[in-house]
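Please look over the sequence and the three-dimensional structure shown below. The paragraphs that follow lead through the surface, the helices and the paired side chains in turn.

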Amino acid sequence: MKKRGKSKSKGPSSARAAPTGGDAKVQGEGDYAADRRYRQRTDRFLKSTDVEAAAREAAPKSGAEAREMAAAEKQGRAHAHVPSGRTGKSRGVRRER
């Protein structure tokens with residue numbers, strides 16, 4: 001006679017398993033369709049856009065605008081979740097000064 005109860009499977013949970021059919025919908029961190037769309041759009045943007053020119057165009061045009069952008073960035077970072085043990089500084093991204 002089989003015991004009923006919780007399975008002790010060591011495989012990936014069904015919520016994070018890779019989709020196997022066309023109707024598989026996984027939401028949250030495992031939303032594969034949204035991830036695929038994002039990566040495709042980002043790849044197209046990077047291949048079709050002069051990123052350096054876009055960055056220059058987005059740069060502040062005056063000291064006042066630079067201060068406003070810095071204040072907005074500081075406010076946005078204040079709302080960001082920082083995992084314990086982290087300083088909140090970006091890793092691998094260098095900003096020119």
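The accessible surface of the chain comes to about 9,900 Å², and 51% of this surface belongs to carbon and sulfur atoms. Accessible areas come from the Shrake-Rupley method with a 1.4 Å probe, and for residues only the protein chains shown count as cover. Of the 97 residues in the chain, 3% are buried. Here buried means under 20% relative accessible area, exposed means over 50%, and partly exposed lies in between, with a 1.4 Å probe and protein chains only.

This is a predicted model, in which local features need pLDDT of at least 70 and side-chain atom pairs count only at pLDDT 80 or more, while totals for chains, interfaces and linings use all residues. Residues are numbered from 1 along each chain as its sequence is written, and side-chain values use heavy atoms, with hydrogens and water left out.

The confidence of the model can be considered next. The chain has a mean pLDDT (the predictor's confidence in each residue, from 0 to 100) of 75, and 56% of its residues reach 70 or more. Over residues 11-17 the pLDDT falls below 50, and this stretch has 5 contacts in the model beyond near neighbours in sequence; a contact means heavy atoms within 4.5 Å.

The secondary structure consists of 3 helices and 0 strands, and the pattern read along the sequence is α-α-α. Helices (H or I, at least four residues) and strands (E, at least two) are DSSP runs, numbered from the N terminus. Helix H1 spans residues 32-48 with a mean confidence of 93, and helix H3 spans residues 63-78 with a mean of 95. Helix H2 covers residues 51-58 and includes Val 51.

Which residues make the nonpolar surface patch? Phe 45, Leu 46 and Val 51 form this patch, which has an area of about 270 Å². Patches are made of residues with over 30% relative accessible area and no salt bridge; like charges are joined within 9 Å, and nonpolar side chains (Val, Leu, Ile, Met, Phe, Trp, Tyr) within 5 Å. Leu 46 lies in helix H1. Val 51 is partly exposed, because its relative accessible area is 37%. When residues up to four places away in sequence are not counted, Val 51 touches Phe 45 and Leu 46.

Charged side chains come next. Side chains of opposite charge can pair when their charged atoms come close. The structure holds 3 salt bridges, a salt bridge being a side-chain nitrogen of Lys or Arg within 4 Å of a carboxyl oxygen of Asp or Glu.

In one of them, Asp 35 and Arg 39 meet at 3.0 Å, N to O. These two residues are 4 residues apart in helix H1, so about one helical turn separates Asp 35 and Arg 39. Asp 35 is partly exposed at 35% relative accessibility, whereas Arg 39 is exposed at 55%.

Helix H1 also holds Asp 43 and Lys 47, which stand 4 residues apart and are therefore separated by about one helical turn. Their side chains form a salt bridge of 3.2 Å, N to O. Asp 43 is partly exposed, with a relative accessibility of 39%, and Lys 47 is exposed, with 67%.

Arg 77 is partly exposed at 42% relative accessible area, and Glu 73 is partly exposed at 31%.
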